[in-house]
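Thank you all for coming; I would like to take a few minutes to walk through one model with you, going from the chain as a whole down to single residues. Please have a look at it first.

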Amino acid sequence: YYLPDGEEGHALLGGISHNQSIRDIGIHDVSNDTFTSVMRALHSLSQLEELTIDGNNTVGPYGWSKLRTLLESGVCKLRKLDLRGNNYI
């Protein structure tokens with residue numbers, strides 16, 4: 001899915017953060033700001049098992065630090081993390 005900007009994007013992320021049945025998420029072709037917002041939303045998904053982050057992302061150090069924070073928190077019990085195709089990690 002395409003993550004829209006502005007209020008629509010925030011509404012979608014709000015819905016994701018309250019849905020405990022999501023087990024697999026793919027993030028593709030996002031900006032640093034969008035990635036950071038998605039990482040914040042994922043902090044409430046304790047059932048998340050697979051996370052794919054690929055494509056032409058423009059995620060910088062701050063965004064990747066939010067992924068690290070998510071992983072270190074232990075909230076998500078990921079079985080699979082796919083970071084293929086990312087140039088800046």
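Let me begin with the contacts: among those in the protein chain with a separation of 6 or more, 79% are between residues 24 or more positions apart, where contact means heavy atoms within 4.5 Å. Before I go on, please keep in mind that this is a predicted model, in which local features need pLDDT of at least 70 and side-chain atom pairs count only at pLDDT 80 or more, while totals for chains, interfaces and linings use all residues. Residues are numbered from 1 along each chain as its sequence is written, and side-chain values use heavy atoms, with hydrogens and water left out.

The protein chain has 3 helices and 3 strands, which follow one another from the N terminus as α-β-α-β-α-β; helices (H or I, at least four residues) and strands (E, at least two) are DSSP runs, numbered from the N terminus. The radius of gyration of the protein chain is 12 Å, close to the 12 Å that the globule rule gives for 89 residues, so the chain is as compact as a globular protein of that length. That radius is taken over C-alpha atoms, and the globule rule is 2.2 Å times the number of residues to the power 0.38. Along the principal axes, the C-alpha atoms fill a box of roughly 30 × 30 × 20 Å.

Of the 89 residues in the protein chain, 39% are buried, and here buried means under 20% relative accessible area, exposed over 50%, and partly exposed in between, with a 1.4 Å probe and protein chains only. Helix α2 is mostly covered, since 9 of its 11 residues are buried, among them Thr-34, Phe-35, Val-38, Met-39 and Leu-42.

That brings me to the aromatic rings: how many aromatic pairs does a search of the whole structure find? The search finds 1, and this pair, formed by Phe-35 and Trp-64, is tilted, with 5.1 Å centre to centre and 55 degrees between the planes. Because Phe-35 lies in helix α2 (residues 32-42) and Trp-64 in helix α3 (residues 61-73), the pair ties together parts that are 29 residues apart in sequence. As for the criteria, rings of Phe, Tyr and Trp (its six-membered ring) pair if their centres lie within 6.5 Å, and planes under 30 degrees apart count as stacked, over 60 as edge-to-face and the rest as tilted. Both partners are covered: Phe-35 is buried with a relative accessible area of 0%, and Trp-64 is buried with 12%.

Helix α3 also holds Arg-68, which is partly exposed, at a relative accessible area of 48%. The C-alpha atoms of Arg-68 and Leu-51, 17 residues apart along the chain, are separated by 13 Å.

Finally, consider the loop between β1 (24-28) and α2, where Asp-29 lies. Asp-29 has a phi near 55 degrees, a positive value in a residue other than glycine, and at 51% relative accessibility Asp-29 counts as exposed. Ser-31 lies in the loop between β1 and α2 as well, and counts as partly exposed at 30% relative accessibility. Leaving aside neighbours within four places in sequence, Ser-31 is in contact with Thr-58 and Val-59; Ser-31 and Val-59 are 28 residues apart in sequence and 5.8 Å apart in space, C-alpha to C-alpha.
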